[in-house]
Amino acid sequence: MTTAAIIFILAGLFFFFVGVVGILRFPDFYTRLHAAGKSDSLAAVLVIIGVALYNLQEINLGNILVSIKIILIAVFIYVASPTATHALTKGALVVGVEPWEKEKKK
Amino acid sequence: MKTRIATFFIMLTFWVVMSGMFDGFHLSLGVLCCLLVTHFSHDLLFPETTAQQQQHWLRDIVGVALYLPYLLWQVLIANLQVAWIVLHPNALEMIDPHIFRFYTKLTRPMSKATFAQSITLTPGTITINIYRDPAGEKPDQFAVYALTKEAAEALPGEMEERIARALEPANG
């Protein structure tokens, strides 16, 4: 169980790392949102699954309830994170932040 | 009335999981709180009141349960693609951010919201807005901000099909 938990958490950390590198490398606000909001969707869930598994070393009712609560965090992230990303993108477009383009076509 | 009972039992399950105490005092507190919350906000969880928009709740749950593994798999694949782009030395050559639009055939508010959230969850695409045609003649239009050409070409595609199968009424 501990081994599985470590694998999940390390995988999650890898995707968080990718998210951070993405934020640093991408050229503008919108592409950075891609890197930030997205790598999180998988990374956070992997870390949460890892923690929930680690919690289950001794299986009894209390531990199972705690693990369900930890998994519920992931569920709420899956509802809240896209909403936040969407709101940020829309807000930036309404205010008029210029999207970066590969080559100016006009 | 049915929506109130359903809301109450969902709230109560949530309470029991969160509290983890099964003695009479804590359970009766939970029942009391859930009754209050249900009284004030029973129309939030099930907002669709017209019969044509509703379908059996069991079918909704089964549909979502069948759809979730596909969504998680898509999130995994798309994350790996974005990770590949981010770590690639020529990252700026590979991305081509642009906004594109397409019409959806989904009609229920719930399936449209699910679709928009799924698009945003899969890395490489963000739903900016869902435009409703003021005249009500055309279907709703999705505006999506895509990171690469490939991510844009995959939409609406299979994901919409699966949501339609999971959540749309059978006759629609």
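Biologist: Which residue stands opposite Tyr103(B) in strand 3 of chain B, and how should I read such a pairing?

Modeller: Strands of a sheet pair through backbone hydrogen bonds, in either a parallel or an antiparallel way. In this predicted model, Tyr103(B) faces Gln141(B) of strand 3 of chain B, and strand 1 of chain B pairs with strand 3 of chain B in the antiparallel sense over 6 bridges. On strand 2 of chain B, Ile130(B) stands opposite Phe142(B), a residue of strand 3 of chain B, and these two strands, which likewise run antiparallel, are joined by 6 bridges.

Biologist: What is the strand order of the open sheet in chain B, and which strands stand at the edges?

Modeller: The open sheet has 3 strands in the order 1-3-2, with antiparallel pairing. Strand 1 (98–103) and strand 2 (125–131) of chain B are at the edges with a single partner strand each, so one side of each lacks a neighbour in the sheet. On average, and with direction ignored, neighbouring strands of this sheet are turned by 25 degrees against each other.

Biologist: Which helix of chain A packs on the sheet, and where does helix 5 of chain B lie?

Modeller: Helix 3 of chain A packs on the sheet, where it touches strand 2 and strand 3 of chain B, and its direction makes about 70 degrees with that of strand 2 of chain B. Helix 5 of chain B, residues 109–121, lies across strand 2 and strand 3 of chain B, and runs at about 150 degrees to strand 2 of chain B.

Biologist: Turning to helix pairs, at what angle do the axes of helix 2 of chain A and helix 3 of chain A cross?

Modeller: Their axes come within 9 Å and cross at roughly 175 degrees, which makes helix 2 of chain A roughly antiparallel to helix 3 of chain A. The residues of this contact divide into 16 nonpolar, 8 polar and 1 charged. For helix 1 of chain A and helix 2 of chain A, the axes come within 8 Å and cross at roughly 165 degrees, and this pair is therefore roughly antiparallel too. The crossing of helix 1 of chain A and helix 2 of chain A is left-handed, and the residues of their contact comprise 18 nonpolar, 6 polar and 2 charged.

Biologist: Is Gly22(A) buried or exposed, and which residues is it in contact with beyond its sequence neighbours?

Modeller: Gly22(A), which has its place in helix 1 of chain A, counts as buried because it has 25 C-beta neighbours inside 10 Å, where 20 or more are required. Leaving aside neighbours within four places in sequence, Gly22(A) is in contact with Ala35(A), Ser39(A) and Val86(B). Gly22(A) and Glu58(A), 36 residues apart in sequence, are 38 Å apart in space from C-alpha to C-alpha.

Biologist: How many residues of chain A are in contact with chain B, and which helices supply them?

Modeller: The size of an interface is often given as the accessible area lost when the parts come together. Counted by residues, 29 of chain A are in contact with 26 of chain B. Helix 1 (2–25), helix 2 (29–55) and helix 3 (61–95) of chain A each supply at least two residues of the side that touches chain B, and helix 3 of chain A gives the largest share, 11 residues. The residues on that side of chain A divide into 15 nonpolar, 9 polar and 5 charged.

Note on methods. Residues are numbered from 1 along each chain as its sequence is written. Chains are lettered from A and ligands numbered from 1 in the order in which they are written. This is a predicted model: local features need pLDDT of at least 70, side-chain atom pairs count only at pLDDT 80 or more; totals for chains, interfaces and linings use all residues. Two residues are in contact if their C-beta atoms, placed from the backbone, lie within 7 Å. Helices (H or I, at least four residues) and strands (E, at least two) are DSSP runs, numbered from the N terminus. Ala, Val, Leu, Ile, Met, Phe, Trp, Tyr, Cys and Pro count as nonpolar, Asp, Glu, Lys and Arg as charged, and the others, Gly among them, as polar. Axes are lines fitted to C-alpha atoms, for helices over the stretch in contact, and angles run from 0 to 180 degrees between N-to-C directions. Angles under 35 degrees count as roughly parallel, over 145 as roughly antiparallel, 65 to 115 as roughly perpendicular and the rest as oblique. Two strands pair if DSSP finds at least two bridges between them. A crossing is left-handed if the near helix is turned anticlockwise from the far one by less than a right angle, and right-handed if clockwise. A residue is buried if 20 or more other C-beta atoms lie within 10 Å of its own, exposed if 12 or fewer, and partly exposed in between; C-beta atoms are placed from the backbone.
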